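Happy to walk through this one with you.

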Amino acid sequence: MSVRVYIPRDSSALSLGAESVASAVAVEAARRRADITIVRNGSRGLYWLEPMVEVETVQGRVAYGPVTMKDVAALFDAGFLHGGPHALSLGPTGKIPYLQKQERLTFARVGITDPLSLADYAAHDGWKGLRAALAMQGAAAVKQVTESGLRGRGGAAFPAGIKWKTVLDTSADQKYVVCNADEGDSGTYSDRMIMEGDPYVLIEGMAIAGITVGATQGYIYVRSEYPHSCRVLAEAIALARTSGHLGPDVLGSGKAFDLEVRKGAGAYICGEETSMLESLEGKRGMVRFKPPLPAIAGLFGKPTVINNVITLASLPIIFAQGAAHYRDFGMGKSRGTLPIQLAGNLKYCGLVEKAFGVTLRELLYDYGGGSASGRPIRAVQVGGPLGAYLPEQQFDTPLDYEAFAAIGAMVGHGGIVAFDDTVDMAAMARYAMEFCAIESCGKCTPCRIGSTRGVEVIDHIVAGRERDKNIALLEDLCDTMINGSLCALGGMTPFPVQSALKYFPNDFRSSLNRKVA
Amino acid sequence: MSEHEQDRNAVINRVLEERKHQPGALLPILHGIQDALGYVPREAIAQIAQALNLSRAEIHGVVSFYHHFRTSPPGRHTVYLCRAESCQSMGANQLVEHAKAILGVDFHETTRDGAYTLEPIYCLGNCACSPAMMIDEETYGRVTPERFEEVVSSVKEVTA
């Protein structure tokens with residue numbers, strides 16, 4: 001009988017050589033006349049073990065990793081096709097503690113199935129949510145979303161049900177669903193993992209959204225930095241069309257819903273929803289004034305549901321298992337689970353899907369294993385380039401939208417970037433301003449000019465020129481940007497700057513003064 | 001009109017014919033042209049403007065807004081180095097300096113032999129394997145200075 005061998009085709013696994021491992025396994029198997037079937041799965045998200053190769057044995061799936069091309073012959077010698085022992089053996093995949101301790105709802109299938117296999121998707125509870133949604137009236141479906149407590153996972157955490165209700169209640173000849181897959185925040189990669197590892201869950205989620213609010217066309221706006229995700233999605237959409245899950249008659253319901261992938265072009269600002277709409281319309285990604293809300297006048301002026309990949313990919317399980325099942329995870333007003341992404345200077349970087357409430361410290365040390373460099377972790381940035389830098393004394397904060405807001409931070413898209421004690425926080429503050437200057441759409445003055453002035457003022461401070469005066473100026477500038485900017489880019493760029501200044505003031509002394517201090 | 005220009009025009013016209021009727025067609029058109037030619041020639045702007053019934057200024061405004069689009073030909077390979085926070089926490093700044101020294105160019109420049117164009121990029125979603133880079137459409141993780149040299153030269157040998 002053919003043995004199934006799983007070798008991920010996730011971008012990160014590929015970036016570590018998964019393609020050459022897959023070729024080597026195929027060549028070695030042919031040479032030894034071993035009967036194997038190679039499945040190119042998504043990643044389980046244990047990135048320090050990638051490329052992680054799994055084999056289906058009588059005892060279930062067992063893992064080996066990190067595997068390089070050079071290890072392949074030895075793995076065959078060790079009888080890995082039957083789970084044989086080897087230095088790279090990790091035992092049964094499901095028993096790896098990092099995975100075992102997680103609560104994977106949105107990521108239930110990622111790394112387990114063949115991302116493009118419709119049969120696999122259906123066999124792992126796929127399309128159940130869509131069938132349930134098709135049997136409901138729009139209002140009942142919206143109620144389901146509201147009751148699940150699902151909030152936008154892109155970063156703003158706006159209750160998804162409210163947005164949907166507005167679109168449902170606005171009558172129009174055409175409505176749209178737009179998926180924001182412009183995952184530009186450093187430290188985040190969960191959207192990418194879903195698109196590459198379980199594209200049908202996103203397609204199903206978007207179909208549920210479309211059917212519910214009466215939209216017949218959806219767009220997935222994927223950043224150009226993710227060429228592999230674009231290819232997988234396009235392929236999955238074409239397959240879902242042939243199987244009748246997309247198209248003029250979704251699952252024989254008589255309702256239409258179709259999808260198209262649209263590629264961004266390297267502009268961070270296009271992750272802001274109105275700027276993304278402009279981009280989809282073929283324009284410069286300039287932020288729009290609100291109102292009107294996109295839910296009333298969005299893409300091409302029509303009512304539009306805009307949600308992030310993870311928000312949409314969480315819908316199938318909510319509809320399949322009911323709102324209560326999802327809502328029962330989490331704490332306070334943060335319901336359900338969050339796919340957290342551990343990144344930067346950590347020993348065990350990876351995807352950790354947990355109910356809200358897990359603390360930063362647990363994530364950094366119990367999961368992340370401390371810094372990769374072995375030095376103390378000095379600062380952590382949560383929620384991307386617009387998130388505050390948090391010092392050690394805040395590591396006990398639970399991941400919860402309100403708890404983070406209370407300390408002037410944000411959960412955002414759930415990316416966590418750790419820095420060891422070699423980090424220069426004045427340089428990071430300067431980078432935040434520099435990044436804003438590069439990526440500002442230029443529509444409002446505080447963002448367009450403030451960011452450039454921010455870089456200059458930080459340079460003056462670090463050089464020791466009129467330090468106190470310039471710190472006061474920087475604080476004033478941050479205040480202007482926060483209160484005067486049109487969108488979150490200008491409005492939140494000051495958060496990393498202010499937090500760096502507040503918690504790491506010594507880094508802002510000139511190198512000469514720092515030595516004296 | 002040279003043969004090269006004729007070929008280029010044929011590509012631009014083909015992309016325009018295929019894509020101009022899509023709603024919000026401009027980005028798909030620019031991607032189509034850049035994917036085929038490696039850049040969006042300035043001469044294409046008038047053709048696109050005419051096909052979409054927009055002004056040349058509007059097309060220029062869009063091309064120049066997005067970092068991804070370029071109006072001059074790149075080298076045979078484009079090396080994108082990630083400068084974002086996660087990669088910085090794992091030594092991206094040192095990698096950038098190393099890459100610039102090895103290739104002898106700054107960002108947005110092309111090596112004298114035309115082999116590589118060096119570009120900064122802000123996140124490849126490979127933050128669990130920082131520092132990261134992308135060459136053309138292949139991503140690489142945990143890029144040490146040694147691995148950088150190894151990968152860059154292997155790419156050149158394969159397809160140059």
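**Strand pairing and chain contacts**

In this predicted model, strand S6 (residues 176-181) of chain A runs parallel to S9(A), and the two pair over 5 bridges.

Q: Which residue of S9(A) stands opposite A:Val178?
A: Start from the pairing of S6 with S9(A), which is parallel. Within S9(A), the residue opposite A:Val178 is A:Ile306.

Q: Which are the edge strands of the open sheet in chain A?
A: The sheet has 4 strands in parallel pairing, in the order S8-S7-S6-S9. An edge strand pairs on one side only, and that holds for S8 and strand S9 (304-308) of chain A.

Q: By what angle are neighbouring strands of this sheet turned against each other on average?
A: The sheet in question is the open one with the order S8-S7-S6-S9 in chain A. With direction ignored, its neighbouring strands are turned on average by 20°.

Q: In which sense does S1(A) pair with strand S3 (residues 53-57) of chain A?
A: With strand S2 (residues 36-39) of chain A, strand S1 (residues 3-6) pairs in the parallel sense over 4 bridges, and A:Val3 stands opposite A:Ile36 there. Toward S3(A), A:Val5 has A:Val55 as its bridge partner. That pairing of S1(A) and S3(A) has 2 bridges, and its sense is antiparallel.

Q: How many charged residues are on the side of chain A that touches chain B?
A: In total, 46 residues of chain A are in contact with 34 residues of chain B. Elements supplying at least two residues each to this side of chain A include helix H1 (11-15) and strand S8 (258-263). By class, the side has 20 nonpolar and 18 polar residues, and the number of charged residues is 8.

Note on methods: Residues are numbered from 1 along each chain as its sequence is written. Chains are lettered from A and ligands numbered from 1 in the order in which they are written. This is a predicted model: local features need pLDDT of at least 70, side-chain atom pairs count only at pLDDT 80 or more; totals for chains, interfaces and linings use all residues. Two residues are in contact if their C-beta atoms, placed from the backbone, lie within 7 Å. Ala, Val, Leu, Ile, Met, Phe, Trp, Tyr, Cys and Pro count as nonpolar, Asp, Glu, Lys and Arg as charged, and the others, Gly among them, as polar. Two strands pair if DSSP finds at least two bridges between them. Axes are lines fitted to C-alpha atoms, for helices over the stretch in contact, and angles run from 0 to 180 degrees between N-to-C directions.
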